[in-house]
Amino acid sequence: MKNTHTAAPAKASGSTLLFRLRLVLIVILVAAVYYWSVQGMQFEGIQGTAGTVSKSILQGFLHPDWSFVYIAEGEDLLRGLLDTLVISILGTVVAAVVCIPFAFWASSNMSRRLAVSGSGKIVLSVIRVFPEIIVAILFIKAVGPGSFAGVLALGIHSVGMLGKLYSETIESIDRGPEEALIASGANRLQVLRYAVLPQVIPQFLSYSLYRFEINIRSATTLGLVGAGGIGTPLIFALQVRNWNRVGIILLGIIVLIILTDWISGWVRRRII
């Protein structure tokens, strides 16, 4: 009994020492990575006009160009925000529909062969590799600049992430209803209709709304490369250093994102 009691504290002490040693090694590794990253940066000093430019930018943000909110005969803030909203909605709808077969393809519990689901996961990973702006540039070369290129860019890029989330949802379903239907003689389509879809659809809608919130932010930047939305007048205002117009555009983007986040969060809570 005496030996047992002395062995337990010794074992606990050894585990504590090993944990501390591992923690120290992790801290040293992280510090080394940060040091290596900083060493690769080349800082050439602050520009002489930095103070003047910063003051102009601040003045533009504090005194936004309210006349740009609505212009009856031309492009204005409201039209740009509406264009951005439409691009994000269409892109999300396209992705939410297109990614469903990819999600079932990548789900390990929907196939008896690991190679099938593994290839689906690889395809979704490849789609997620390219940022929206890169995809938008490719589509601009194919279909020309404008909102259509933005919708395609958001839709194709979102397929990768939504497909991954959908497949994880499918893999986590309760297999009880599926096994009961199979035991009663149901075919594969009936199992999918009555056992799988009722479990995954609420989560699919929740993920789609969450992706819509992300696409709103992404759609505001696609216009910087000519893919439509509020980013187009924003890049024009930045090029001519019209900081008052930049200020009102950024203010409009903030309001749009806050409203969509609030509405999307409320709908998502109602669904789940």
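This section describes aromatic pairs, a nonpolar surface patch, annotated spans and selected residues in a predicted model.

Two aromatic pairs are counted in the model. One of them joins F102 and W105, whose ring centres lie 6.1 Å apart with 35° between the planes, a tilted arrangement. Both residues belong to helix 3, where a spacing of three residues places them about one turn of the helix apart. F102 is partly exposed, at a relative accessible area of 22%. W105 likewise falls in the partly exposed class, with a value of 33%. The other pair is formed by Y166 and F204; the ring centres are 3.9 Å apart and the planes meet at 10°, so this pair is stacked. Here the partners come from distant parts of the chain, with Y166 in helix 6 (residues 147-171) and F204 in helix 8, a separation of 38 residues. Y166 is buried, having a relative accessible area of 2%, and F204 also counts as buried, at 7% relative accessibility.

Helix 8, which spans residues 188-222, also contains S206. The relative accessible area of S206 is 5%; because buried residues are those under 20%, S206 is assigned to that class. In space, the C-alpha atom of S206 lies 9.1 Å from that of G265, although 59 residues separate the two in sequence.

On the surface, a nonpolar patch is made up of I122, V126, V129, F130, I133, I134, I137 and L138, which together present about 710 Å² of accessible area. Two elements each give two or more residues to this patch, namely helix 4 (114-129) and helix 5 (132-143). Helix 5 provides the largest share, with four residues.

The UniProt record, an unreviewed entry, lists residues 21-38, 85-106, 219-240 and 246-267 under "transmembrane region". In the model, the span 85-106 is 100% helix and 0% strand, and its end C-alpha atoms are 30 Å apart. For the span 219-240, the corresponding end-to-end distance is 22 Å, with a composition of 59% helix and 0% strand.

Two loop residues were examined individually. R241 is situated in the loop between helix 9 (231-239) and helix 10 (243-271). Although R241 is not a glycine, its phi angle is positive, at about 55°. R241 is also exposed, with a relative accessible area of 59%. D65 occupies the loop that connects helix 2 (50-62) and helix 3 (77-106). In contrast to the exposed R241, D65 is buried, at a relative accessible area of 17%. When residues up to four places away in sequence are not counted, D65 touches N244, R245 and I248.

Methods
Residues are numbered from 1 along each chain as its sequence is written. This is a predicted model: local features need pLDDT of at least 70, side-chain atom pairs count only at pLDDT 80 or more; totals for chains, interfaces and linings use all residues. Side-chain values use heavy atoms; hydrogens and water are left out. Patches are made of residues with over 30% relative accessible area and no salt bridge: like charges are joined within 9 Å, nonpolar side chains (Val, Leu, Ile, Met, Phe, Trp, Tyr) within 5 Å. Accessible areas come from the Shrake-Rupley method with a 1.4 Å probe; for residues, only the protein chains shown count as cover. A salt bridge is a side-chain nitrogen of Lys or Arg within 4 Å of a carboxyl oxygen of Asp or Glu. Buried means under 20% relative accessible area, exposed over 50%, partly exposed in between (1.4 Å probe, protein chains only). UniProt positions are given in the numbering used here, feature names are shortened, and annotations may be inferred rather than shown by experiment. Contact means heavy atoms within 4.5 Å. Rings of Phe, Tyr and Trp (its six-membered ring) pair if their centres lie within 6.5 Å; planes under 30 degrees apart count as stacked, over 60 as edge-to-face and the rest as tilted.
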